[in-house]
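Okay everyone, thanks for coming. Let me put the structure up, and then I'll walk you through a few parts of it.

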Amino acid sequence: MDNSSSPSSAVNPSSLLLFNQTLLRTAPRRLAPTRRRPLTTPSQSHRLVVLLAVESQTQSLALFSSLTRGDMPQELPGFYFDAEKNRYFPIKGPIPGSKSKPSSSTPSPTPTRHRPVSSRTSILLEARELNGNPLWLKRAKCRFQDEFLKIRASRPQVWAFHGTDKIADGALEQMRLHIMTPEGQTATVGLLAGGRNGSLSFCEVGKVGQHFDYGVKCMPEHVWPLKREHEECKVPVHLWRPPTVQFSSDVSCIKMPGRRSITVDGDHIQHALITTLGSERSGGSVHILNLAEPFDFPLRTSTVRQRLHNVASFHCTIWTADCSSNGSRAIVGTNLGAALVNLESGVVSWVCRGKSDVLALQFDQSGNIALCGFRNGAIVTVDVRENQAVSSSRLISHQIPSSPSKRFRGHSQKQWFKLSGKIYPIDTTYMPKSICSLVSLQLYDQYFLASSMDGTINLYDHRQIKKGPVQSYEGQVNSHTRTQLGTDPSEKFLLSGGEDFYMRLWNIKSGKLLFEDRFSTSVPLVSCCQSTERYPSELDGRQYHMGYSHGQHESWGSWVGSRDGLYYVQWY
């Protein structure tokens, strides 16, 4: 038998000793054991040490034999084998003598760019599949539906309607109408638009009016985003404008009872509130438009005039108004203060008198309190309960401190302004300039939005109004224009136009600006959003339901009025 085939015959004792010493030097040192109670007897410990020594010697012998034969080295836990040096080294950090190289799979840094909607949607869908709902984005807990709606709202579709210039730069509201056609009674959607030229326009949203030889069909044009070549954008709505009614002065406000414009399958809205600004020859006036009975089509100017009723006339300017939820009362803001109007009897009772104009008004949900926004920047809470309504001569007088920003402007003493009425001076807050819009939130009854003519937009909690705004919304551009705030039906988003002709959309909760762009050639002044209720819209001979359905988002759009015409913005 050949001796070279035996591992023991090929091993030199001095080489084996050197190999064992190398393993002992390179192996990590163990800490000295602490004194513990022995678990075995001396004889058992001696036998255990002998067995471990024999096993270690056998492994070392086998390993050394494989190295001397030129076989592949065995893997030792915690060690690596260097073929050039023919030695084992402990694994401690980087390999000795090597240079760290960046991984080829690591992507090179790229400049930050705005991700397209499709990319952000894919990332959001992937996050939901991995994490479920709710999910975590940027170390914040959120709902998939909310994040998806933010992405959709940041890329709206905008259509401009030709033939609508100067008809909706004063006021705008949306409603459901019942009309009589040769085929019978039909429900459709209407827009009631008021212009600063005194025009009152009834616009039908749908295709009912096109069957009649009257009025103007307003052709839509897709204006944002600019569509690519051969790309088609389906028109979400159609607009038909019958002849208009003319008032003697500007239409200053149009309001519908309740928070939303439309009800379905129940008692529909009975009337609409319309106010005129007034002129040098006469003051403003309050009108109601009867909507209880179906309209006969074709709709003519004489038909609308028969439905209009003058409820009250004032010897002052009417800037704004609001209607109670049940439609029985209205509150108007004038250059002399705020007054309640009983829409059934026409009785007028002043609830607040002062020398500063009331430019914005809003009922709360209970209808017992009204927020009044003044030209001097004050937001005052007024008690408007009927048992508190008295003649203006008997109103309680109050000295209200002026805005803190104006209090010491070149004067050594405090400045005050006088108000009379059932008001709460402790609940008064101020904005930097004149108040131009107030919106009470319905889902959070103590919160309201306010904007001023310096571009400031804030969210307030009425319970803690003295502590200042809860949230602020940056980016608005304004210096002297009364622009209107609008919210979507779910009260997640806030929109408003600016003097730079931009339309902007914010997230109400976070205050983040989601969209800003220019699609109009004039300031977007007024807006009205689609209702939370379902209503039919006839498109291409089929019935679609626009708005919300059973809590699910089908679509959300808003009508925007400016001097150069009407725009429809489909947010999602």
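Before I start counting rings, here's the rule I'm using: rings of Phe, Tyr and Trp, with the six-membered ring standing in for Trp, pair if their centres lie within 6.5 Å. Planes under 30 degrees apart count as stacked, over 60 as edge-to-face, and the rest as tilted. Keep in mind that this is a predicted model.

The one I'd like you to look at is Trp224 with Phe515: the centres are 5.1 Å apart and the planes sit at 80 degrees, which puts the pair in the edge-to-face class. Are they buried or exposed? Both Trp224 and Phe515 are buried. They also belong to a cluster: ring pairs link Trp224 and Phe515 with Phe493, Trp556 and Trp571.

Now, strand 10 brings us to a sheet. This one is open, has five strands in the order 10-5-42-41-36, and the pairing is antiparallel. At the edges you find strand 10, which is 220-224, and strand 36, which is 526-529; each has a single partner strand, so one side of each has no neighbour in the sheet. From one strand to the next, the twist averages 25 degrees. Further in, strand 5, residues 157-161, and strand 42, residues 565-570, pair in the antiparallel sense over five bridges. If you want a landmark there, find Val158: its bridge partner in strand 42 is Val569.

Next stop, a hairpin. Strand 18 and strand 19 form it, with five residues between them, and Gly327 in the turn has a positive phi of about 80 degrees. The two strands are antiparallel, paired over five bridges, and strand 19 covers residues 329-334. One of the partners to click on is Ile318, which bridges to Thr334 in strand 19. Why do I call strand 18 largely enclosed by the rest of the structure? Because five of its six residues, in the run 318-323, are buried.

The charged end of Arg307 sits over the ring of Phe295, 4.1 Å from its centre. Arg353 has its charged end over the ring of Trp350, 4.3 Å from the centre.

That's my tour, thanks.

Methods
Residues numbered from 1 in each chain as written. Predicted model: local features only at pLDDT ≥ 70, side-chain atom pairs only at ≥ 80, totals over all residues. Heavy atoms only, no water. Pairing = 2+ DSSP bridges. Helix = DSSP H or I, 4+ residues; strand = E, 2+ residues; numbered from the N terminus. Axes fitted to C-alpha atoms, helices over the stretch in contact; angles between N-to-C directions. Buried < 20%, exposed > 50% of the residue type's maximum accessible area, 1.4 Å probe, protein only. Lys NZ or Arg CZ within 6 Å of the ring centre and 35° of its normal.
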